Amino acid sequence: GSGAGTSGSQAAGANAPCGKTKARKRAAVEDLDDVELTAEELFDPAYQKRRQDAERVRALLLESTKVDTVPEPEAEPDEDSEVEVVEVPKPTPKPVAPPPTAPPRKYNLKVRVGGGAESSVKMFAHQTFKKLVDKLCQATGYDPAQAKLRFDGDVLLPHKKIEDTEIEDDDMLDFDPH
């Protein structure tokens, strides 16, 4: 829809006579009405903000380019006349959505308490060993400051996570309460 009767090349400002500046601007702004939106764009807050800003600019441009009548075509400019080139703003590319995140990995572990009874526990890869020690101490009544958790004889530091170690599903951990 070029409501001002100009061709696409004139709307873009290519080789148009300088007397048609307002008509070219108006045609370029009116061409924005033909843009179709995807459902994703309709619900994207960042896109909505950019769209509102573009609409405000569009309204200002339309207001500033109001013409009572369509101007008559002018004669071809001679070599000495100046030609005004009008830049039409390019649409902003829509942002790329980040890939969906996978649910956190959960480990099924066995814990031997004080060298005796075994218990099964489930723990997410991002959780620290302190959380497991605290839960075990809460269940057994031991002091978390004294308790240690070991894997293959090595003490597991409280701030470390399963994902920081070589622990796998169904591995045995030793809980030493003293």
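This briefing walks through the fold, the β-sheet, the salt bridges and a charged surface patch of the structure above. The model is predicted, so local features need pLDDT of at least 70 and side-chain atom pairs count only at pLDDT 80 or more, while totals for chains, interfaces and linings use all residues. Residues are numbered from 1 along each chain as its sequence is written, and side-chain values use heavy atoms, with hydrogens and water left out. The protein chain has 5 helices and 5 strands, and a search of the whole structure finds 4 salt bridges.

**Overall fold**

- Along the sequence, the elements of the protein chain follow the pattern α-α-α-α-β-β-α-β-β-β.
- Helices (H or I, at least four residues) and strands (E, at least two) are DSSP runs, numbered from the N terminus.
- The protein chain has 178 residues, and 24% of them count as buried.
- Buried means under 20% relative accessible area, exposed means over 50%, and partly exposed lies in between (1.4 Å probe, protein chains only).
- The accessible areas come from the Shrake-Rupley method with a 1.4 Å probe, and for residues only the protein chains shown count as cover.

**The sheet**

- The 5 strands form an open sheet in the order β2-β1-β5-β3-β4, with mixed pairing.
- Its edge strands are β2 (118-124) and β4, each of which pairs on one side only.
- Two strands pair if DSSP finds at least two bridges between them.
- β1 and β5 run in the parallel sense over 4 bridges, and M172 in β5 is the bridge partner of K110.
- Strand β3 (residues 148-151) pairs with β5 in the antiparallel sense over 3 bridges.
- On β5, D174 stands opposite R150, and D176 stands opposite K148.

**A closer look at β5**

- In a regular strand the side chains alternate between the two faces of the sheet.
- L173 and F175 make up the covered face of β5, whereas M172, D174 and D176 make up the uncovered one.
- D176, which lies in strand β5, is partly exposed, with a relative accessible area of 27%.
- The C-alpha atoms of D176 and R150 are separated by 7.7 Å, and the two residues are 26 residues apart along the chain.

**Salt bridges**

- Side chains of opposite charge can pair when their charged atoms come close.
- Here a salt bridge is a side-chain nitrogen of Lys or Arg within 4 Å of a carboxyl oxygen of Asp or Glu.
- K49, D53 and R56 are linked in a network of salt bridges.
- Another salt bridge joins the side chains of R112 and D174 at 2.8 Å, N to O.
- This pair links distant parts of the chain, with R112 in strand β1 (residues 106-113) and D174 in strand β5, 62 residues apart.
- R112 is partly exposed at a relative accessible area of 26%, and D174 is partly exposed at 25%.

**The negative patch and its loops**

- D152, D154, E166, E168, D169 and D170 gather in a patch of negative charge on the surface.
- Patches are made of residues with over 30% relative accessible area and no salt bridge; like charges are joined within 9 Å, and nonpolar side chains (Val, Leu, Ile, Met, Phe, Trp, Tyr) within 5 Å.
- Asp and Glu count as negative and Lys and Arg as positive, while His and the chain ends are not counted.
- The place of a charge is taken as CG of Asp, CD of Glu, NZ of Lys or CZ of Arg.
- D152 lies in the loop between β3 and β4 and counts as exposed at 65% relative accessibility.
- D152 is not a glycine, although it has a positive phi of about 50 degrees.
- D170 is found in the loop between β4 (154-155) and β5 (172-176).
- D170 has a positive phi too, of about 65 degrees, although it is not a glycine.
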